[in-house]
Amino acid sequence: ACEVMDADAIRLVSYHLSLRNPVSKFPFYVLIETAGSREDHDKQKLDHFYRRVQDNGFAEGGTIATERSDVQSLWNLRQQITEAVRMDGTVYDYDVSLPVYRCYSLVEEIRKLTHGRAKSVTGFGRLGVGNLHLNVTSDGFDVQLKESIESFVYEWVSETKQSISAEYGLAKMKSDHLHGSKPGTAVELKRTLKNVLDPKGILNPHKTLLSLQMMENVSQF
């Protein structure tokens, strides 16, 4: 596993959930977990990797956890980010895929866009494969803030020809924006397959694409 978290994500976890960060304050944190069949050999390789990334200037600090409790403490920092974000206020969250070299640029641009209106802006995820979880919070629901964020995010993703839903699916909230990241022929092919496999719309209804029967019911209504 390889997870990346920014400083604001760790800050929220530490503040709202009182989880301890075992390393110094840095702009970004990378959580790497490895597994193998020989503990002594695995530890030797991990120690070598840790020294190498520091010697080469890729990392400025860190820690290695081998005990189960220490490993879980590190994972809690990553896994509790979503909970900490929810405790921070109203959440506007986006799960997108982007070219790796542009992933965090979106977070920085959203910070500029929402300056003075958002309470926090965090970015985390599997950035090595271009999967970014972007979370923005505010003290209360702000429809204008939501609309400005969404139009910016979806246009940004459309320009890179990536996905507006990298990990959790489109569901209801993003289905209207599908054409922004997929060509029309791909959308129609998806709809054709949906109609063949689920003509009555009983499988995961009202999500992503409506079946022909569901579209007829909507038009009749």
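**Reading burial, strands and rings**

Author: Leu197 is exposed, because its relative accessible area is 67%. Buried means under 20% relative accessible area, exposed over 50%, and partly exposed in between (1.4 Å probe, protein chains only). Leu197 belongs to helix H7 (residues 184–197); helices (H or I, at least four residues) and strands (E, at least two) are DSSP runs numbered from the N terminus. This is a predicted model, in which local features need pLDDT of at least 70 and side-chain atom pairs count only at pLDDT 80 or more, while totals for chains, interfaces and linings use all residues. Residues are numbered from 1 along each chain as its sequence is written, and side-chain values use heavy atoms, with hydrogens and water left out.

Reader: How many residues of strand E4 are buried?

Author: In a regular strand the side chains alternate between the two faces of the sheet. For E4 (residues 120–125), 6 of its 6 residues are buried. Ser120, Thr122 and Phe124 lie on one side, with Val121, Gly123 and Gly125 on the other.

Reader: Which strands pair with E4?

Author: Two strands pair if DSSP finds at least two bridges between them. Strand E1 (residues 2–6) pairs with E4 in the antiparallel sense over 2 bridges; Val4 stands opposite Gly125, and Met5 opposite Phe124. Strand E5 (residues 131–138) also runs antiparallel to E4, joined by 5 bridges, and Leu134 is the bridge partner of Gly123. The hairpin of E4 and E5 has 5 residues between the strands, and Gly130 takes a positive phi near 80 degrees there.

Reader: Why is E1 described as largely enclosed by the rest of the structure?

Author: E1 is so described because 4 of its 5 residues are buried. E1 also pairs with E2 in the antiparallel sense, over 5 bridges, where Asp6 has Phe28 as its bridge partner.

Reader: How many aromatic pairs does the rule give?

Author: A pair of aromatic rings is described by the distance of the centres and the angle of the planes. Rings of Phe, Tyr and Trp (its six-membered ring) pair if their centres lie within 6.5 Å; planes under 30 degrees apart count as stacked, over 60 as edge-to-face and the rest as tilted. The count comes to 5 aromatic pairs. The rings of Phe28 and Tyr104 have centres 4.7 Å apart and planes at 85 degrees, so this pair is edge-to-face. The pair links distant parts of the chain, 76 residues apart: Phe28 is in strand E2 (residues 28–32) and Tyr104 in helix H5 (residues 103–113). Phe28 is partly exposed at 42% relative accessibility, whereas Tyr104 is buried at 14%.

Reader: What is the arrangement of the rings of Tyr94 and Tyr154?

Author: The pair is edge-to-face, because the centres are 6.3 Å apart and the planes at 80 degrees. Tyr94 in strand E3 (residues 90–97) and Tyr154 in helix H6 (residues 143–160) are 60 residues apart, and both are buried.
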